[in-house]
Number of protein chains: 2
Amino acid sequence: MAKIPYRLYLTEEQMPKQWYNLRADMKEQPDPMINPATMKPATEEDLYPVFCKKLAHQEMDATTRYVDIPEEILEMYKIYRPSPLCRAYNLEKALGTPAKIYYKFEGNNTSGSHKLNSAIAQAYYAKEQGLTSLTTETGAGQWGTALSEACAYFGIPLTVFMVKVSYEQKPFRKAVMKTFDAEVIPSPSMTTEAGRKILADDPNCTGSLGCAISEAVEKATHTEGCRYVLGSVLNQVLLHQSIIGLEAKKAMDILGEYPDIVIGCAGGGSNLGGLIAPYMQDKLTGKTNPRIVAVEPASCPSFTRGRYAYDFCDTGKITPMAKMYTLGSGFIPSSNHAGGLRYHGMSPILSKLYHDGYMEAVAVEQTKVFEAATFFAKYETILPAPESAHAIRAAMDEALKCKETGEEKTILFGLTGTGYFDMTAYSAYQEGRMVDYIPTDADLQRGFDSLPKIPGIQE
Amino acid sequence: MAKIPYRLYLTEEQMPKQWYNLRADMKEQPDPMINPATMKPATEEDLYPVFCKKLAHQEMDATTRYVDIPEEILEMYKIYRPSPLCRAYNLEKALGTPAKIYYKFEGNNTSGSHKLNSAIAQAYYAKEQGLTSLTTETGAGQWGTALSEACAYFGIPLTVFMVKVSYEQKPFRKAVMKTFDAEVIPSPSMTTEAGRKILADDPNCTGSLGCAISEAVEKATHTEGCRYVLGSVLNQVLLHQSIIGLEAKKAMDILGEYPDIVIGCAGGGSNLGGLIAPYMQDKLTGKTNPRIVAVEPASCPSFTRGRYAYDFCDTGKITPMAKMYTLGSGFIPSSNHAGGLRYHGMSPILSKLYHDGYMEAVAVEQTKVFEAATFFAKYETILPAPESAHAIRAAMDEALKCKETGEEKTILFGLTGTGYFDMTAYSAYQEGRMVDYIPTDADLQRGFDSLPKIPGIQE
């Protein structure tokens, strides 16, 4: 057999033409979303003011196993997909491990991450429904950039509310979004009631993700033909992101490989849910039994230390409530935390799978994460996003275990993106200024105290 | 026939295993380099103190047509190569042109550009000869990043002298280089005689490329087992960069396509020389006659307004002198110039070909360049480096001419890299703060006045 290449790119013909809906193979479904206005399970129609109709349908549809990817979306996917499946020969050699390490690299597009996969779908369906604008919020800017690209491509105006402190500290991200014609507004702003209220209380407020979401949702619900879109957590996002796993599996099938362990970093779950989708299908249908490992920051440990409870998906407490592993929407990660993945909750689908024992989770400290990132960069010559480096850390740890035991395991991990806009954090690591932070039980309790009360369901 | 894909990646098996040496097919050779110490043509041995032996040989070897790429270099190439040949369907549609536009995209690696192709070769040959360290200078940081990656991979220590003003204004580039273990020193520094002298005269000096080169060369020549390396202009660099054109041609051959026009941006000529290599071969050997177009900034117009004369390759006037199109090593582009490509001279090989009528050249103004960059980004969803956007501008202009005439020309251009570290310039463009600058004849004359006098050759 020919040597496995460093990079395998599927051809356009080999590209998946359908997304895969994990819920169709789950024996037990995630608990239904709760509409906070009625305190009853949300219906598809309840979601129409927030999401366009097709996306609301995808959000609720637990039975359709495969969803055709519209031709227009496929056409844009073809500009940066298929993404390569990479064999980490150099990393293996540097670690001296008998393990075979593969990674699916999603960073070779201007958004710098996998976020574009869902941004394209959400912009397309909005355009198709005749909506005339979209809004979203962004913290670090990855999601805002991805959505800007998608909206520019489909010609739909976008307003991004960017947390003011990021807006001021990350002018480059803002400039990238503006290149793609997005209107980028520092939040809190005077353009919304929510923003004006916050600024009246504190004119120097530097903003928060919760505030930016509130502004974005207010603008969406108060503007004719406008909707709010979200880059993670949602079922629809996991559906779109399944393209990652479907491509990875197809490529590994071509190579005659099957992973013993699949590893993904986990913030809201968009990459993890996408990467593992076809392997979780194998597991759910009893075909195979690979280990599936979520990696989260020790400073924001929703899987490993959170509660499986109903919570708001946003810190502004305006979205429907979902049953998920959560630290509470009131939980605020330490400002020392540099590595992304700071979302308080976790995809309801992944939460259910974890709860039912189909997945493992590990929490890693950020200095260990940046150590892995730097090691990886040297041998694989890709500068990873801090988020992605969580998965690198766990993959390296698994490979080092194989070195001890002599096992030739096959490891697949998701390299979600590049870290070109995260050099402040790299500098902090290089200069020894980065510290680890593990929340105390009291810190976590403050977050749990913010969990909603739902009569008869969650008291 | 199947539709031409958006992206064509050659397989590892299809990758070129040899570089192509353009000089072997040139009927007339570039004039020899002159050793400033003897004022006589430089020999291969004259170059040994500056370059390692294999590279000195490649610099002087005008007859070997194909040079085997060492296995170790091929192995590192495979991490990020072959780079994709892209069909710009969306750009064509947006322009409404009947032209077919292709681009060879070299930006999908952490250095963000094609520079890595030669950095790997230079680091490898240095390591092979048993050298123990390398030095170089960097302005904006692209070359420094590429060389850092290559040196980390081959385990050879690197010192980068970075122009102090860039060091301070571009902390992110510095941090990337440090991730790859490079020692990055702001220049002028107290670590060299040259630096100390400058700082004694002016303690607040913010540096220049000339000063950084002087420091790097001093360190190289005063350190046992150390050499200085350069990322453009040189014959050896063009040899290594031929991988770009060889891959592009192989991919176009597979698609049954042949360009009517090949377009590349030109600073020192490393990308242009690499991209056009196999097409220039066809032209030199009378097989075909495509148009070959160099695009340079109007603010640094070495081809279009320079002199074909002997000049130093560096502003420090310490390297051998080469016959090339040059503005004079004393020419300083306006500080308003944001778009890279600010080298005063041009590859001697390309200069000779241009002089002999094998190539055309156009100069473009930077606001037009950023206009093209922004347009391109929206439709092709790649944020281009300003350097690359010079080629985009010219390709778009050619495609728009086709729109007028109805000609279905096939255009190939080089997209050398991404602009993630150039957002300051993008912001200036977006905010209307970018101005164009065209040097006056008097400005140019000041540069020409710095040309060296060589008895009997150039008075």
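Trainee: At what angle do helix α4 and helix α5 of chain A cross?
Mentor: Bear in mind that this is a predicted model. The axes of α4 (residues 116-128) and α5 (residues 142-154) of chain A cross at roughly 40° and come within 8 Å.

Trainee: Is the crossing of α4(A) and α5(A) left-handed or right-handed?
Mentor: Right-handed, as α4(A) passes α5(A).

Trainee: Which residues of α4(A) and α5(A) make the contact?
Mentor: From α4(A) they are Leu116(A), Ala119(A), Ile120(A), Gln122(A), Ala123(A), Tyr124(A) and Lys127(A). α5(A) brings Trp143(A), Ala146(A), Leu147(A), Glu149(A), Ala150(A), Cys151(A) and Phe154(A).

Trainee: And how many residues of that contact are nonpolar, polar or charged?
Mentor: The contact of α4(A) with α5(A) has 11 nonpolar residues, 1 polar and 2 charged.

Trainee: Over to chain B. What is the angle between α1 and α10 there?
Mentor: About 90°, with the axes of α1(B) (residues 53-60) and α10(B) (residues 235-255) 7 Å apart. The two helices are therefore roughly perpendicular to each other.

Trainee: Which residues make the contact between α1(B) and α10(B)?
Mentor: Leu55(B), Gln58(B) and Glu59(B) of α1(B) meet Asn235(B), Gln236(B), Leu239(B) and His240(B) of α10(B). By class, that contact has 2 nonpolar, 4 polar and 1 charged residues.

Trainee: Now the sheet. In what order do the 4 strands of the open sheet in chain B come?
Mentor: The order is β10-β9-β8-β11, and the pairing is parallel. At the edges are β10 (183-187) and β11 (226-228) of chain B, each pairing on one side only. Neighbouring strands of this sheet are turned by 25° against each other on average, direction ignored.

Trainee: How many bridges join β8 to β11 in chain B?
Mentor: 3 bridges, and β8(B) (residues 133-138) and β11(B) run parallel. Within that pair, Leu134(B) has Arg227(B) of β11(B) as its bridge partner.

Trainee: Which strands does helix α5 of chain B lie across?
Mentor: α5(B) (residues 142-154) lies across β8(B) and β9(B) (158-163), at about 160° to β8(B). Helix α7(B) (residues 171-179) lies across β8, β9 and β10 of chain B, at about 175° to β9(B).

Trainee: What about Met39(B), is its phi positive or negative?
Mentor: Positive, about 60°, although Met39(B) is not a glycine. Met39(B) lies in the loop between β3 (34-35) and β4 (40-41) of chain B.

Trainee: Last topic. What rotation superposes chain B on chain A?
Mentor: A rotation of 180° with 0.0 Å of shift along its axis, and the RMSD is 0.0 Å. The two copies are thus related as by a two-fold rotation axis. In chain B, the C-alpha nearest that axis belongs to Asn108(B), 3.0 Å away from it.

Trainee: Why do you say the copies meet through the same surface?
Mentor: Because 100% of the interface residues of chain B are also interface residues in chain A.

Conventions
Residues numbered from 1 in each chain as written. Chains lettered and ligands numbered in written order. Predicted model: local features only at pLDDT ≥ 70, side-chain atom pairs only at ≥ 80, totals over all residues. Heavy atoms only, no water. Pairing = 2+ DSSP bridges. Axes fitted to C-alpha atoms, helices over the stretch in contact; angles between N-to-C directions. Contact = heavy atoms within 4.5 Å. Left-handed = near helix turned anticlockwise from the far one by under 90°. Nonpolar A, V, L, I, M, F, W, Y, C, P; charged D, E, K, R; others polar. Least-squares fit on C-alpha atoms with pLDDT ≥ 70 in both. Parallel < 35°, antiparallel > 145°, perpendicular 65-115°, else oblique.
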